[in-house]
Amino acid sequence: MDMPNLRIAFMGTPDFAVPALKALHTAGHEIAAVYSQPPRRAGRGKKLTPSPVQKTAEELGLPVYTPVSLKGAEEQSEFAALNLDAAVVAAYGLILPQTILDAPQMGCLNIHGSLLPRWRGAAPVQRAILAGDKETGITIMQMEAGLDTGPMLLKSGTPVDGKTAGELTDELAGIGAELMVRYLAKADKIKPEVQDDSLATYAKKIAKQEAKLDFAKSAEDVEGQIRAFNPSPGGFFEFEGQRYRIHSAQILEQSGQAGTVLDDQLTIGCEQGAIRPNVIQRAGKPKMELRDFLNGTSIPVGTIV
């Protein structure tokens, strides 16, 4: 028999967290509060824009809190006063102090985008692609003070295949939503599993400079960089002071000097093999299929990018 519906807080910010919020609402849980990071300035007019989670919560008629921090006594007593069964956290982006972690009866439960203990940290999806992992997934975990170190409650995997970080994140968001609803229905029957710290890897945040494509790597690795940095920050090379983002590319067996344009189809040599863009974008311009791009732009054979 399933557990009764719970009184919960939902804590999340980006698109990744939206499916879980919707699923918990649809499942009939009482969502006493939704916490999200404060609105940020975005777009050409730099207008204050609420997060995807805040927008969704408001559409669902749920109360929304957007504190800058949860370290203050006032925020912590406000949270404790909600008298929660559980808090569900999905890419919230703020540190949860111990008093917050301890406040709900079942504690704080996190939807994490990797198969823990692999890829603890901020960028598990991108790091899995960059490392050439064949599989990744979602772990529902009990949060504690350490970074993604808490006991694992449920897991579900999916092949990485040739997916971009954007595609994989969207898929994982759906898996995470379904898994969290399933966990809350069966929580009293699921035994926590302690992580093996010796198997842990750290998924540090993606730095913008990492997105410059490194053609001294194999073509397979470069194509992995392109997928890992799609949609953001976007894998790029430079030519004549301009930045060119490659959104997708194919791997070829051609050989030539790493970083050199090998033919009139913008095939670029790598340490092993070569890559050819499928979709490319010059800074400030729309993205284009390679054929259309080459009609208006010439990057001569022999150019080093």
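User: Where does aspartate 148 sit?
Analyst: In this predicted model, aspartate 148 is placed in the loop that runs between β8 (135–142) and β9 (152–159).

User: And what is its phi?
Analyst: The phi of aspartate 148 is near 55°, which is a positive value in a residue other than glycine. As background, a negative phi is what most residues other than glycine have.

User: Is aspartate 148 buried or exposed?
Analyst: Aspartate 148 has a relative accessible area of 12%, and because the cut-off for buried is under 20%, aspartate 148 counts as buried.

User: OK, what about tryptophan 119, what phi does that one have?
Analyst: Tryptophan 119 is not a glycine either, yet its phi is positive, at about 60°, and this residue lies in the loop between β7 and α5.

User: Buried or exposed, that tryptophan 119?
Analyst: Tryptophan 119 is buried, since its relative accessibility is 11% and anything under 20% falls in that class.

User: Switching to the prolines: which loop holds proline 117?
Analyst: Proline 117 is found in the loop between β7 (108–112) and α5 (124–130), and tryptophan 119 lies in the loop between β7 and α5 as well.

User: Cis or trans, the bond from leucine 116 to proline 117?
Analyst: The peptide bond from leucine 116 to proline 117 is cis, with an omega near 10°, whereas most peptide bonds are trans.

User: And what joins serine 232 and proline 233?
Analyst: Serine 232 and proline 233 are joined by a cis peptide bond whose omega is about 5°, and proline 233 has its place in the loop between α7 (219–228) and β10 (236–239).

Technical notes. Residues numbered from 1 in each chain as written. Predicted model: local features only at pLDDT ≥ 70, side-chain atom pairs only at ≥ 80, totals over all residues. Heavy atoms only, no water. Helix = DSSP H or I, 4+ residues; strand = E, 2+ residues; numbered from the N terminus. Buried < 20%, exposed > 50% of the residue type's maximum accessible area, 1.4 Å probe, protein only.
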